[in-house]
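Please read it with the structure open.

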Amino acid sequence: MAELFASSEPAVGFLQFLMLGLVIGSLYALIALGYTMVYGIIELINFAHGDLFMLGSFVALGVAIWPMGVTSADAPTGAIMATVALMLLVTPVFCALLNVTVDRVVYRPLRQSPKLTVIVSAIGVSFIFMNIGLLWRGATPVKFPDLIGDTNLLEGTGLRFTWEDLLVVAVTVPTMIALTLFVRYTTLGKAMRATAQNPVAAQLMGINVNQVIAVTFALGGALAGVASVIYGLYIKAVDYQMGFQNGLYAFTAAVLGGVGNIPGAVLGGLLIGVVGELSKAYLGAKWSEAVIFGILIVILLFRPTGLLGARTREKV
Amino acid sequence: MKLLRHWVLILFGLLAVYPWLPVSSANRGEQFTILFIYAILAQGLNVVLGLTGLLHLGIAAFFGIGAYTVGILTVGFFPFQQSFLVAAAAAVLMAALVGVLTTAPILRLRGDYLALVTLGLGLIVLYAIRNLDPITEGTKGISPIDAGPVPGWSGKNLHSWRLKSDWGLHWYNYPYFYYLCLLLLGGVLLLVRNLEHSRLGRAWVALREDELAATCMGLNPARLKLAAIAVGAGLGGLAGALYAMALRTTGNPQTYDFTLSMLMICCVILGGMGNRNGVLLGTFLLIGFDRILTGILDNQIQALVGSASPYLKLSGWRLIIFGLVLILMMRFRPEGLLPAKRIQVELHPEIGEALGQAAAEAEVAQKDSSVPVSPAPLRPPGPAS
């Protein structure tokens, strides 16, 4: 990758990697939002979230190949736009339904159980999803149709910003803003915040807590679905293990920002994207993962509740 | 029934004579060694997770460190070429050291954050193993590991009617290695048992139950957690050393990834967190199914159906099976097959209440009625004043 935009100016090179990092980071942030919302409301580290994202990308792949049959950027623009729109409709709905089902079947009976019990169940769900992906598409990476093309929009500046980069930003940024507004200003959003703060008190105030939690799972799943479509179109290869890797980044992003904190998840995602790209550029690709987790550990050492996380007091 | 209470001893007895039993000439029990190795690793995790209550998601890293330490210390192209015993001891120390050094800075993290950071630490170790090519041979793994002859036996060939092996050749030869691993597993179980009943073990349990209360009672949580990690990581290192020896290679670094950590957590939870015999049972069931039974069943299915479709292979469904085991266990028996008493009370408040109520009722009955409920009073009445 590096030689593609190797520029004579080191500053331009840095800017390029920074930009790429922000693009990839906003993708991580989108996945992290689903994590952080579920965590915020029932304090569950949803290990299955990344694998839900993986299944979503397989569904998106199916939509591109089967009903539409659009598999390359050479297809008419209208067909491509219709395909992308259909993917962005079907995949989030699929992921939302699946996530709600899992909550209903697996997590809801465990609401009163100790935390460890629920986390372990989530790991079980993650294993099942991963195996479904393996049986569905096999162990080797599958090519995702290249629909967008990579025409450079910043020709002549020494920088590279393609239609694909634009797509990522154009989908993730409005989604994140909409989500923030939803949680802050709608009645349902208020109910979500109330449930997150104190489920029992929320119930006493007439909030249907189980329903609110289901909505949270649906939203989280839908976000994973949107992210999986964008990821497929951007990275152009999907495989059954990508859920673990990207889920881990999203998870790291959520914790970095302070789990349960929506702006925190976005900040964490952007930070991970930038750090990942910069370390790829200056340290070599193979060390970027280690650097990301190293930074996570260092930040947690100094701010144990994340960058924007509230300081919690010991309950006595 | 009374006999069943000593099932661990019976199991060990059976395993000790198994190589000599005329079961099947194709199956001499060689593959059991892998069970013993994973059982040692699971006991290590049990000390950290089951006894002390630290959700460590990177236990596979210590397994890897053990394996690579043995690899580096014994393999031909490095200048060390130590014997297996030295290398194994070094592996234990190395894993424990790494465990303590990596855990010391993160002691004040709790719960989810601790889980996440240990997961990250495990992955960093994995990436380091994979990327430090000059030391670890990258994705190829270090091989062949040859740790020299077993001391004291060299030159003596003991052909038995069944074992068909040259005793006195190498550590990794079948009967030797089988018994070595079995013996070490027995030793580890004894060690964990003694630790459990020691002051340290009781302090660990107190910490697991309520860190704040334990601190108020004058326990030092930092030191206790480090001790638990040192023991757990050391046992993980030992298991890793044996694993590398069994395979005679450290294998692909991917062996030591998150899935292995999770698999070990499954074993601990399936058996019963904090109950060493339960963890032993859980490991034998789960790893036995995964490493031994699936292979046999796959062959049977293939012979029956006559096709090699991946959908008909149990090994293709292993993650679904683990996942279902985890979910169903959490739903219906979160305390595991053989629950540790204290955890059972914690997860099923009604049992604890019933116990407490029964005790209270007995007390009330004893106090109120003129007729004593229990035929023999607990304490003989002292001389009346």
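## Conventions

Helix axes are lines fitted to C-alpha atoms over the stretch in contact, and angles run from 0 to 180 degrees between N-to-C directions. Helices (H or I, at least four residues) and strands (E, at least two) are DSSP runs, numbered from the N terminus. This is a predicted model, in which local features need pLDDT of at least 70 and side-chain atom pairs count only at pLDDT 80 or more, while totals for chains, interfaces and linings use all residues. Residues are numbered from 1 along each chain as its sequence is written, chains are lettered from A and ligands numbered from 1 in the order in which they are written, and side-chain values use heavy atoms, with hydrogens and water left out.

## Overall form of chain A

Chain A contains 11 helices and 2 strands, and their order along the sequence is α-α-α-α-β-α-α-α-α-β-α-α-α. Its C-alpha atoms fill a box of roughly 60 × 50 × 40 Å along the principal axes. The radius of gyration, taken over C-alpha atoms, is compared with a globule rule of 2.2 Å times the number of residues to the power 0.38; for 316 residues a compact globule would have a value near 20 Å, and the 20 Å of chain A agrees with this.

## Helix 1 and helix 8 of chain A

Helix 1 (residues 10-42) of chain A packs against helix 8 (residues 209-235) of chain A at an angle of about 165 degrees, with the axes 8 Å apart. This makes helix 1 of chain A roughly antiparallel to helix 8 of chain A, since angles over 145 degrees count as roughly antiparallel, those under 35 as roughly parallel, 65 to 115 as roughly perpendicular and the rest as oblique. The crossing of the two helices is left-handed, meaning that the near helix is turned anticlockwise from the far one by less than a right angle, whereas clockwise would be right-handed.

Contact is defined as heavy atoms within 4.5 Å. Residues of helix 1 of chain A that take part include A:Leu20, A:Ile24, A:Gly34 and A:Ile41, and those of helix 8 of chain A include A:Val212, A:Phe217, A:Gly220 and A:Tyr234. By class, this contact has 21 nonpolar, 3 polar and no charged residues, where Ala, Val, Leu, Ile, Met, Phe, Trp, Tyr, Cys and Pro count as nonpolar, Asp, Glu, Lys and Arg as charged, and the others, Gly among them, as polar.

## Other partners of helix 1

The axes of helix 1 of chain A and helix 9 (residues 242-257) of chain A come within 8 Å and cross at roughly 70 degrees, and the two helices are therefore roughly perpendicular to each other. Their contact has 9 nonpolar, 3 polar and no charged residues.

With helix 5 (residues 163-185) of chain A, the axis of helix 1 of chain A comes within 9 Å and crosses at roughly 35 degrees, in a left-handed crossing. The residues of this contact divide into 11 nonpolar, 3 polar and 1 charged.

## Annotated spans and backbone details

An unreviewed UniProt entry lists "transmembrane region" at spans of chain A that include residues 47-66 and 212-235; such annotations may be inferred rather than shown by experiment, and their positions follow the numbering used here, with feature names shortened. Residues 47-66 of chain A are 90% helix and 0% strand, with end C-alpha atoms 30 Å apart, and residues 212-235 of chain A are 100% helix and 0% strand, with end C-alpha atoms 34 Å apart.

Most residues other than glycine have a negative phi, and most peptide bonds are trans. A:Glu43, in the loop between helix 1 and helix 2 (49-68) of chain A, has a positive phi of about 50 degrees although it is not a glycine. B:Ser143 and B:Pro144 are joined by a cis peptide bond with omega about -10 degrees.
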